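Please read the points below with the sequence and the coordinates open beside them. They go from the whole chain to single residues.

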Amino acid sequence: MEEEKKATLTIRDDEGAGFIQIAGDVVSNIAGLAATEVDGVARLSGNVPNELIAKLGRKNLAKGIRVTYTDATFTIDVSVVVRFGFNIVDVSAAVQERVAQALYTMTGLTVSKVNVRVSGIDFSEK
């Protein structure tokens, strides 16, 4: 059974130059930001709408995201609310691609899976 690590991900340098630690919340925030940038995503499930977050001047993008790391790979579970009128499958596929690419770009580590759960439809006007 895979061990789930919650606090930090430690990347060790083989040459003994030190180590790099990435807090789990950092990974969650990267994934959350990437997911909310996809056209058709109203918000992460359990989060307030993006427009309200921007007005408040703070971002708590970790809600709706679950990160599991083993060895040098991530498994990300994302729960989103999709805007009415968008194709759920297309939006979900775009979330998978955007989250995996953002995490690879910012951490250099491979994302093995991005599981997307659509928990609702947002019928409000944009």
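**Notes on the predicted model**

1. The protein chain exposes about 7,900 Å², of which carbon and sulfur atoms supply 50%; accessible areas come from the Shrake-Rupley method with a 1.4 Å probe, and for residues only the protein chains shown count as cover. This is a predicted model, in which local features need pLDDT of at least 70 and side-chain atom pairs count only at pLDDT 80 or more, while totals for chains, interfaces and linings use all residues. Residues are numbered from 1 along each chain as its sequence is written, and side-chain values use heavy atoms, with hydrogens and water left out.

2. The protein chain holds three helices and six strands, in the order β-β-α-β-α-β-β-α-β from the N terminus; helices (H or I, at least four residues) and strands (E, at least two) are DSSP runs, numbered from the N terminus. Of its 126 residues, 37% count as buried, where buried means under 20% relative accessible area, exposed over 50%, and partly exposed in between (1.4 Å probe, protein chains only). Among contacts (heavy atoms within 4.5 Å) between residues at least 6 apart in sequence, 66% join residues at least 24 apart.

3. In helix 1, the buried residues include Val27, Ile30, Ala31 and Ala34. An α-helix has 3.6 residues a turn, so residues three or four places apart point the same way.

4. Strand 5 (residues 73-83) and strand 6 (residues 110-122) run parallel and are joined by 11 bridges; two strands pair if DSSP finds at least two bridges between them. The chain passes from strand 5 through helix 3 (residues 88-107) to strand 6, and this β-α-β crossover is right-handed, meaning that, with the strands pointing away from the viewer, the path from the first strand over the helix to the second runs clockwise.

5. Val111, which lies in strand 6, counts as buried because its relative accessibility is 14%. Leaving aside neighbours within four places in sequence, Val111 is in contact with Phe74, Ile76, Ala100 and Leu103.

6. One aromatic pair is found in a search of the whole structure: Phe84 and Phe123 are tilted, at 5.2 Å centre to centre with 40° between the planes. Rings of Phe, Tyr and Trp (its six-membered ring) pair if their centres lie within 6.5 Å, and planes under 30 degrees apart count as stacked, over 60 as edge-to-face and the rest as tilted. Because Phe84 lies in the loop between strand 5 and helix 3 and Phe123 in the segment after strand 6, the pair ties together parts that are 39 residues apart in sequence. Phe84 counts as exposed at 59% relative accessibility, and Phe123 is exposed with a relative accessible area of 61%.
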